[in-house]
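Biologist: I have a model to go through with you. Shall we start with the loops and then move to the packing?

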Amino acid sequence: MPSCGPRSKGGPAAVQVKRLTVVVTRRLPALVEARMSELFDVRLSETDAQMSREELIAAMQSADILVPTITDQIDAAMMAAAGDRLRLIANYGAGVDHLDVATARQRGILVSNTPGVLTEDTADMAMALMLAVLRRMTEGMAKMQEGVWEGWAPDALLGTRISGKSLGILGMGRIGQALARRARAFGMEVHYHNRRRLHAGLEEPLGATYHDRIDALVTQSDVISVNCPHTPSTFHLLNARRLKLMKPTAVIVNTSRGEVIDENALTRMLRAGELAGAGLDVYERGRGVNPRLRELPNVVLLPHMGSATHEARREMGEKVLINMQTFADGHRPPDLVVPSML
């Protein structure tokens, strides 16, 4: 496994007490890597290149703790090939749909994640995408960058006012609630669907209206924001049938997981003018963005930037460290993921 090993670190204390071996699959913030190296026998990624399937298996075979990211797809067969040494997968990220959590638990491997620290940044990005699409910001930027702006005109680049519009939030967890607070400040009406209705103490301050049926939510919303995780039950939750229920003037925003939307159906409807626009930070096939989406002026595409702030990346690392150290001390990691949560 050439991408790990050369940067193994450890001070004189390492010979006194046997420390757990940790393999990190991608480069993390320098402060996080330094602290991790003080506490554990760490093998850090040298190049930040994504590991191959074979390299990931080798990493799991040689580690007590693996620290993967969303780019590391680890399935049941890989878990089986890992052997008996691996005891904790301390995921650097909140989402765990790239990991077979159920198989990990069956094999006695704990899985932790980093919830909470991405909330505000991801909600900011959802709001930014909403504004960018409704107010046609990228189209305006393109005119300026291409040097073709001919000056102000009464009917030039007319967008849509956000105040007074109905926002439908699909998934009212931490991020959905943070987005609801922002939307209310912009004068939007907030509606939502969730597996379980929020308690009145949470729902009332948000001024949010609950819909027990997704169909009802998408039918009446001017903007739909996807904020639910990707699980088997949410795959293509917004399928072709549900997308067709949306108003032709509606916009869809996704900062969660691309698999929640049928991307081909979405693309067809956008190209046909059956939806007004989309702001996407995630895609159904990861980096394989549908090329037809790139051609549309009413679509804003970002490269998975929802949590991309210095603060979030550092706090994610701090969460990983807490989970690892708690586990090393013989206790349950505070951010333990169990199948019932998915």
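Modeller: This is a predicted model.

Biologist: What is the phi of H304?

Modeller: Most residues other than glycine have a negative phi. H304 is not a glycine, yet its phi is positive. The value is near 50°.

Biologist: Is H304 buried, partly exposed or exposed?

Modeller: Buried would need under 20% relative accessible area, and exposed would need over 50%. H304 has 37% relative accessibility, so H304 counts as partly exposed.

Biologist: Which loop holds D48, and what is its phi?

Modeller: D48 lies between β2 (41–43) and α2 (53–62). D48 is not a glycine, but its phi is positive. The angle is about 70°.

Biologist: How does D48 count by accessibility, buried or partly exposed?

Modeller: The cut-off for buried is under 20%. D48 has 29% relative accessibility, so the label is partly exposed.

Biologist: Now the helices. How are α1 and α13 oriented to each other, roughly parallel or roughly antiparallel?

Modeller: Helix α1 spans residues 30–39 and helix α13 spans residues 310–328. Their axes lie 10 Å apart, at an angle of about 10°. Angles under 35 degrees count as roughly parallel. Therefore α1 and α13 are roughly parallel.

Biologist: What is the handedness of their crossing, and which residues of α1 meet α13?

Modeller: The crossing of α1 and α13 is right-handed. On the α13 side, the contact holds R314, G317, V320, L321, M324 and Q325. From α1 come V32, R35, M36 and L39.

Biologist: How many residues of that contact are nonpolar?

Modeller: Two residues of the contact of α1 with α13 are polar and two are charged. The nonpolar ones number six.

Biologist: Which element gives the most to the largest nonpolar core?

Modeller: That core has 29 residues, and M130, L167, I169, M172, L179 and M188 touch the most other members. At least two residues each come from α5 (119–134), β6 (166–170), α7 (174–185), β7 (189–193) and β10 (251–254). The top contributor, with 10 residues, is α5.

Biologist: What does M172 touch, leaving out residues up to four places away in sequence?

Modeller: M172 is one of the core members that touch the most others. Its contacts include Q177, A180, V190, Y192 and H193. Also among them are N194, L198, L206 and A208.

Biologist: How many residues are in the other core, which includes I224?

Modeller: This core lies apart from the largest one. L237, L270 and L296 are also among its members. The count is 27 residues.

Technical notes
Residues are numbered from 1 along each chain as its sequence is written. This is a predicted model: local features need pLDDT of at least 70, side-chain atom pairs count only at pLDDT 80 or more; totals for chains, interfaces and linings use all residues. Side-chain values use heavy atoms; hydrogens and water are left out. A nonpolar core is a set of buried Ala, Val, Leu, Ile, Met, Phe, Trp, Tyr and Cys residues joined through side-chain atoms within 4.5 Å. Buried means under 20% relative accessible area, exposed over 50%, partly exposed in between (1.4 Å probe, protein chains only). Helices (H or I, at least four residues) and strands (E, at least two) are DSSP runs, numbered from the N terminus. Contact means heavy atoms within 4.5 Å. Axes are lines fitted to C-alpha atoms, for helices over the stretch in contact, and angles run from 0 to 180 degrees between N-to-C directions. Angles under 35 degrees count as roughly parallel, over 145 as roughly antiparallel, 65 to 115 as roughly perpendicular and the rest as oblique. A crossing is left-handed if the near helix is turned anticlockwise from the far one by less than a right angle, and right-handed if clockwise. Ala, Val, Leu, Ile, Met, Phe, Trp, Tyr, Cys and Pro count as nonpolar, Asp, Glu, Lys and Arg as charged, and the others, Gly among them, as polar.
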